[in-house]
Amino acid sequence: MFNKIKGVLQEKLYKKCKAAYDDALRYQTDPYLLWIKENEAAAAGSGKGTPNPQMDVVFMEECGRNFSLGDYDKEFLLFVSADGRIAADAVSWILHYFDTHKDVNVVYADEDVWQLCDGDNAADADNGDAHRIFPWTKPMWSPDTLFSFFYFGNIFAIRRAAFTDIGWLGNDDYKKNIYDFVLKATELGRRPGHIEKVLFHAYRKGGSRTEIEQELMHCVDFIGVGSGYDGIREAAMARRGFKGYQIVDEKTGISYPVYQFDKEPLVSIIIPSKDNEDVLKQCIRSIYAHTTYQNFEIIVVDNGSTARVRIGLENFKQECPFTYLYIPMDFNFSHMCNVGVQEAKGEFILLLNDDMEAVEDSWLLRMAGQASLGHVGAVGAKLLYPNSSLIQHVGITNTVSGPGHKLKKFDDCVSYYYGRNRFVYDMIGVTAACLMMRRDCYLALGGLFEGLAVAYNDVDLCFRLCEQGLYNVQRNDVVLYHHESLSRGDDMQDETKLKRLMAEKNVLYQRHRKLYRQDPFIGTLMNNGEPEYGCRWLEGYELVNLSDCDDKLQEGKKLPDFSTMNQAIMVVVEDCGKEQFVKAVTKNGERKKSYYLIKGWAYVPGADNARYEFKMLLVNGEGRVWELPVQKRYRKDVAAILPDEVNVELTGFCSWIFEGTLPAGTYRLWMTAKDGCSRQRLYRDMEQELVIEEGE
């Protein structure tokens, strides 16, 4: 009888444990759902918004020929699509932004999609089958992106009085009116603001979530796209004092601006090279064969090729003229480029790898024209693998794993995530494999930082340009072949290269601490380290208020006798130490504090891991113990290598400790797991020490 009662009780306890596990797993396997749960306290509001004495809501679809700002009298106007709903707190967030940013007259926000199942109507979109998907995290103010397409999307707001003198286009097509108005409104000298919150949900019907997301991923049907808007853009170019025209790509139907010069300024093309004769010759020949822009010079910086290669290149100068700087030295890409720029006579410089190949005639004109704009820093091109449509580079994204190339080895035959490989985009950086900028700007910054000899020197340059208030522009209409091998080895798999890469990445972020894990041109939610665009798994410390952990670290009981411990837990520690580049905001938000981070994964072999609650133990030299809760994290990769274990999807753990919370000293780390269905408690020495420094 006792055993039967015990069994019933254990079954009840297990169901409770499993339900909690399944609920946590449901959120963790959907990064966006987890983000919503942790970051949004209110549900979505109605499509009409909340009445407010300061703000009128205007549906864009009603902004036709006869629309006038003069018909409204409230201080602010919120423009939204009628085919969707405003978030419940959208109006309050926007009014708060305007109140705290008196110099901003235009603001836009992020949005997502509210999936409607087949048969649903917008009126009954609150049913349980409807759910939110596919967030659109918009960039910080990006003038060149806006000139490419209307990236404000389905929601933006204005201070009405600031724009009453702007002439309304008065077209029957509201989309053209809206695009023309926003281009004019953003020319008045004040930068628009961006609220990094999802404040609008666009309705979308489809047979399945996958179907909807695939359609959205490859869509290019946005306001501003196509030749129908060329007149609006050309009028804007004239207002801004730019000479040029729009040209349409026949394959995609997308228009691109070409900025012209009265007289073509000299472009100096700097090509570092060593012992790469055939590839270099191909590069230079392609420039002469495929460049309508004629006013250029080529400077090759050779850091010590063999005598045979040197003679071959000297002879090649008769076929294709170039300046040949032969300076034997250790390889330092930054120094070689800087040497070339010092020799350059051009108003513009183009850093170019020796394995590049020009394939279309207007590439240099388009890049030079873009680089001539006063707000522009560096200009990059789309790079494809040779004789293919596979992407090698479409701009640099500062991901959670470090600077990376999104969409690498993806097929360029389709568009991805709001035209990231199609439209002209302002980005955090472009690659020095093909990078153009004004020479005076390059010299003013001191050129490439020579302390980064191999990697990240171009990223550092682009970061510095951003910090100067300039914009790095990715011209996806400019295409070159990059003869980097598709089978090129991964530096992450070579121990020596990996150490060098990690060291140079640390140097990069020591120089730009505010940009560690941050990219204002893509947003935190979408800056995963993978080549595809998708929500990333935000770490536990990114999903909660770190200040809460001050109260969770508690002194616990001393460890039991070692001989009595069941050390069945398996633990892998991946990160343990003080965060170098970021600090956490305290509870009152007034100051930031340094913190220590411990991450990894752990599980109990041969057991149902849904039953166990894990905690971390920190033991000092005197045997005193502190208990620290761990936040579980979905680890698909770990589950894949443990196919025979039960409920190991949430094996990841993450814990953090504020500076000053623990006495300074060295702490041995232990993991403990309590069985929720019995009194069993497991322990494991993590074989890791955490050194706590003296507090600030």
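## A bridge to start from

W601 has G652 as its bridge partner in strand β30. This contact belongs to a predicted model. Strands β26 and β30 pair here, covering residues 595-603 and 652-658. Their pairing is antiparallel and runs over seven bridges.

## The four-stranded sheet

Strands β26 and β30 sit within an open sheet of four strands. The order is β23-β26-β30-β29, and the pairing is antiparallel. Strand β23 spans residues 570-578 and stands at one edge, while β29, residues 631-633, stands at another. Each edge strand has a single partner strand, so one side of each is left without a neighbour in the sheet. From one strand to the next, the twist averages 20°.

What holds such strands side by side? Strands of a sheet pair through backbone hydrogen bonds, in either a parallel or an antiparallel way.

## The five-stranded sheet

Another open sheet has five strands. Read across, they run β22-β28-β27-β31-β32, with antiparallel pairing. Which strands form the edges? They are β22, residues 554-556, and β32, residues 681-692. Each of them pairs on one side only. Neighbouring strands in this sheet are turned by 35° against each other on average, with direction ignored.

## Where β31 meets β32

Strand β31 covers residues 665-675. How many bridges join β31 to β32? There are nine, and the two strands pair in the antiparallel sense.

Methods. Residues numbered from 1 in each chain as written. Predicted model: local features only at pLDDT ≥ 70, side-chain atom pairs only at ≥ 80, totals over all residues. Heavy atoms only, no water. Pairing = 2+ DSSP bridges. Axes fitted to C-alpha atoms, helices over the stretch in contact; angles between N-to-C directions.
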